[in-house]
Amino acid sequence: MRINSSLGIVGSAQFGISSPYDCHVYALRGPEGVLLIDAGSGLGETEIMQTLANDFPGVPVAAILLTHSHADHSGGAASLQRRCQCPVIASVLTASIVQTADEERSGLKRARAMGGYPHDLTMQPCPVEKSYSDGENFTAAGISFTAVHVRGHSHDSFCLFTEVEGRRACFSADVVFYGGVLGVINAADSNLQDYCKDLPRLQNQGVELLLPGHGLFTLRNGQWHIDAALQEMNSGFLPRQIGQGGGIF
Ligand SMILES: [Zn+2]
């Protein structure tokens, strides 16, 4: 599903193009090939590869870049990495989880027990070739990124900033969604206190493209959505959260 000449979504539960357990898997064309941002659960790999071939025919996958270790984002990384023979890039925190397939720290064990994933979905150890840390500038598939650690959704969540066709873009994972919705979930490492500490780091970033891991995305004035979340959080009331209002947010 092409968004513009360099960006597409090649996996997504909500847009109905891959497994119902997949986050949005973005594909961004760079000088070295296509960069996948997140990998999905692994259950939609065939559809993801098909959409990739349709949207970016003949362009190899140069790297897979992970935002955090939740199974809907990272579960498919090991298998995709083997299939595409490309490096996986993740934060130091996420790397320590996906390399050892640590289902406890990724949250998969608990989420699976709660019925959030099929009982036979397991994490496979995934080698990580390159790691990034908070505030670091790094390249993936020849594209420059800056990593900003924002806890609250999970302890290892990062927002990844780059430029898409000359405009400031933020791959915001499950940290902040369209409309300023936040991602507090029922997990031990997810809480509003961490959001209060870290979300202000997304202030004044001049984001145009806001590209979250679920729900709607926008190509214009993405900062408005981030600022709306900050404003709600600072109002003294509970900001709106993912999961409220069914699957629509
Ligand atoms: Zn998540």
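The model I am reading is a predicted one.

**Entry 1, helix α1.** I looked up which residues of α1 (residues 45-55) are buried and found E45, I48, T51 and L52. Down the axis of α1 these buried residues fall within an arc of 125 degrees, so they line one face of the helix. On the face of α1 turned away from the buried side I found the exposed residues T46, A53 and N54. I then checked what the buried residues of α1 pack against, and the list is β1 (7-11), β2 (25-30), β3 (33-37) and α3 (77-84).

**Entry 4, strand β2.** Is β2 largely enclosed or open? I found 5 of its 6 residues buried, so β2 is largely enclosed by the rest of the structure. I went through its pairing on both sides. With β1 it runs antiparallel, and 4 bridges join the two strands. I9 has Y26 of β2 as its bridge partner, and G11 has V25 of β2. With β3, strand β2 is also antiparallel, here through 5 bridges. In that pairing A27 stands opposite L36 of β3. I looked at the link between β2 and β3 as well, and a hairpin joins them through 2 residues. As a reminder for reading side chains here, in a regular strand they alternate between the two faces of the sheet.

**Entry 5, the other sheet.** I turned to the open sheet of 5 strands, which has the order β7-β8-β9-β10-β11 and mixed pairing. Its edge strands are β7 (137-140) and β11 (209-212), each pairing on one side only. The twist from one strand to the next averages 30 degrees. Inside this sheet I checked β8 (residues 143-149) against β9 (residues 158-164), and they pair in the antiparallel sense over 4 bridges. T146 stands opposite F161 in β9.

I left the overall figures for the end. The protein chain has 8 helices and 11 strands. Its radius of gyration is 16 Å, close to the 18 Å that the globule rule gives for 249 residues, so the chain is as compact as a globular protein of that length. I read the span of the C-alpha trace along its principal axes as about 50 × 45 × 30 Å. Of the 249 residues, 48% count as buried. For contacts between residues at least 6 apart in sequence, I noted that 65% join residues at least 24 apart.

Methods: Residues numbered from 1 in each chain as written. Predicted model: local features only at pLDDT ≥ 70, side-chain atom pairs only at ≥ 80, totals over all residues. Rg over C-alpha atoms; globule rule 2.2 N^0.38 Å. Buried ≥ 20, exposed ≤ 12 C-beta atoms within 10 Å, placed from the backbone. Contact = placed C-beta atoms within 7 Å. Arc of directions from axis to C-beta. Pairing = 2+ DSSP bridges. Axes fitted to C-alpha atoms, helices over the stretch in contact; angles between N-to-C directions.
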